[in-house]
Amino acid sequence: MRKTYVMGNWKMNGSRAANATLLSGLKAGVPALRAGVEIAVCPPFVYLEATAAALAGSPIGVGAQDVSEYDKGAYTGEVSVAMLKDVGATYAIIGHSERRSLYGETDAWVTQKTVAALAGGMLPVVCIGELESEREGGLTEKVLARQLDAVLAAIPNPVPGGIVIAYEPVWAIGTGKTATPEMAQETHAFIRNHLKKGGEAFAAQTAVLYGGSVKASNAEGLFSMPDIDGGLVGGASLTADEFVGIYNGAVAAFGRR
Ligand code: PGA
């Protein structure tokens with residue numbers, strides 16, 4: 001059976017004091033994994049090491065929000081896979097729509113970062129998603145196929161479960177507009193089918209997370225869909241009660257699988 005995840009993307013939020021409060025709330029709310037659902041937080045780079053230290057001994061994992069495609073050297077401002085692992089991160093979000101739209105990350109660049117993460121033994125959480133105009137223009141599947149194909153072409157024999165996909169319709173991110181569970185399921189089913197290019201086992205074992213205005217009140221409904229394997233959560237991951245509520249929704253939904 002494929003793995004399930006609830007991941008929090010803090011984006012550019014937090015402070016040492018606020019993080020300490022949030023992390024102690026999460027540790028109290030999730031003292032142990034339930035129904036096999038993995039949980040992780042992705043703080044800004046500068047807080048990764050302290051976050052990993054605060055979570056030592058807890059089941060909550062740590063990931064980064066981005067990673068360099070290079071190993072080391074003259075790349076001012078960049079952070080490598082090895083550095084992230086060194087400070088306790090085991091996941092890296094790659095190709096978030098904010099990085100694609102605000103910082104010009106292309107499919108090719110996202111692919112290079114994904115290849116670097118895999119080579120360094122880090123689980124990449126590759127984000128894909130269509131703009132509102134693309135959905136309205138009937139281009140959703142075309143856009144998602146293009147984003148997936150770029151990555152799949154660079155990984156000839158993908159290891160089942162070795163990569164996580166996060167489907168985040170850009171129009172649902174931070175807007176309060178969530179895709180309905182049925183609408184999300186339809187797109188997730190398309191994604192899973194497309195992942196067969198990497199082999200049947202790869203498609204069956206790849207966790208495809210949903211992101212975009214996930215909150216405690218809609219989590220269980222979304223996660224009850226057969227091809228939605230968890231969530232990548234932005235705003236609602238900044239409040240312990242909300243994020244724990246989302247985790248509990250995942251446990252309820254995935255406990256029935
Ligand atoms: P949101 O963000 O939950 O605030 O909509 C999701 C994301 O960007 O990963």
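## Cysteines

A disulfide is a pair of cysteine sulfur atoms within 2.5 Å. This is a predicted model, and a search of the whole structure turns up 0 disulfides.

Cys-42 shows why. The closest cysteine sulfur to its own belongs to Cys-127, and the distance is 9.4 Å, too far for a bond. Seen from Cys-127, the closest cysteine sulfur is that of Cys-42, at 9.4 Å. Cys-42 is buried, with a relative accessible area of 0%. Cys-127 counts as buried because its relative accessibility is 2%.

## Nonpolar cores

In soluble globular proteins, nonpolar side chains tend to be buried together. Here the largest nonpolar core holds 65 residues. Which of them touch the most other members? They are Leu-26, Ile-165, Ile-191, Tyr-210 and Phe-223. Helix α11, residues 240-255, gives the most to this core, with 9 residues. A second, separate core has 14 residues. Among them are Tyr-5, Ala-40, Cys-42 and Leu-123.

Neighbours within four places in sequence are left aside here. Its contacts then include Tyr-167, Pro-169, Ala-172, Thr-178 and Ala-179. Ala-184 and His-188 are also in contact with Tyr-210.

## Aromatic pairs

How many aromatic pairs does a search of the whole structure find? There are 4. In one of these, the rings of Phe-223 and Phe-254 have centres 5.7 Å apart. Their planes meet at 20°, so the pair is stacked.

Phe-223 sits in helix α10, residues 216-223, and Phe-254 in helix α11. The pair therefore ties together parts that are 31 residues apart in sequence. Both Phe-223 and Phe-254 are buried.

Helix α5 runs over residues 107-119 and has 13 residues. From first C-alpha to last it reaches 18 Å, close to the 18 Å expected at 1.5 Å a residue. Its buried residues are Asp-107, Val-110, Thr-111, Lys-113, Thr-114, Ala-116 and Ala-117. What do these buried residues pack against? Their partners are helices α3 (81-86), α4 (97-103) and α7 (140-154), along with strands β4 (91-94) and β5 (123-128). Just after α5, Gly-121 takes a positive phi of about 80°.

Thr-106 lies in the loop between α4 and α5. Thr-106 is partly exposed, with a relative accessible area of 42%. A polar atom of its side chain lies 3.1 Å from the backbone nitrogen of Trp-109. Thr-106 and Ala-89 are 17 residues apart along the chain, and 24 Å separates their C-alpha atoms.

## Helix α8 and Thr-187

Helix α8 has 14 residues, which should span 20 Å at 1.5 Å a residue. Its end C-alpha atoms are 20 Å apart, so the two values agree. The buried residues of α8 are Ala-184, Gln-185, Thr-187, His-188, Phe-190, Ile-191, Arg-192 and His-194.

Thr-187 has its place in this helix, which covers residues 181-194. Is Thr-187 buried or exposed? At 7% relative accessibility, it counts as buried. Its side chain reaches the backbone oxygen of Met-183 at 3.2 Å. Not counting residues up to four places away in sequence, Thr-187 touches Arg-135, Thr-140, Leu-144 and Tyr-167.

Ala-145 is found in helix α7. With a relative accessibility of 13%, Ala-145 counts as buried. Which residues does Ala-145 touch, not counting those up to four places away in sequence? They are Phe-190 and His-194. Both of these are among the buried residues of α8. Ala-145 and Ala-20 are 125 residues apart in sequence. In space they are 40 Å apart, C-alpha to C-alpha.

Val-159 has its place in the loop between α7 and β6 (164-167). Val-159 counts as exposed because its relative accessibility is 57%. Val-159 and Ala-201 are 42 residues apart along the chain. Their C-alpha atoms are separated by 8.7 Å.

Technical notes
Residues numbered from 1 in each chain as written. Predicted model: local features only at pLDDT ≥ 70, side-chain atom pairs only at ≥ 80, totals over all residues. Heavy atoms only, no water. Helix = DSSP H or I, 4+ residues; strand = E, 2+ residues; numbered from the N terminus. Expected span 1.5 Å × (residues − 1). Buried < 20%, exposed > 50% of the residue type's maximum accessible area, 1.4 Å probe, protein only. Contact = heavy atoms within 4.5 Å. Polar contact = N/O pair within 3.5 Å; in protein donor to acceptor, adjacent residues only side chain to side chain. Core = buried A, V, L, I, M, F, W, Y, C linked by side-chain atoms within 4.5 Å. Phe/Tyr/Trp six-rings, centres within 6.5 Å; stacked < 30°, edge-to-face > 60°.
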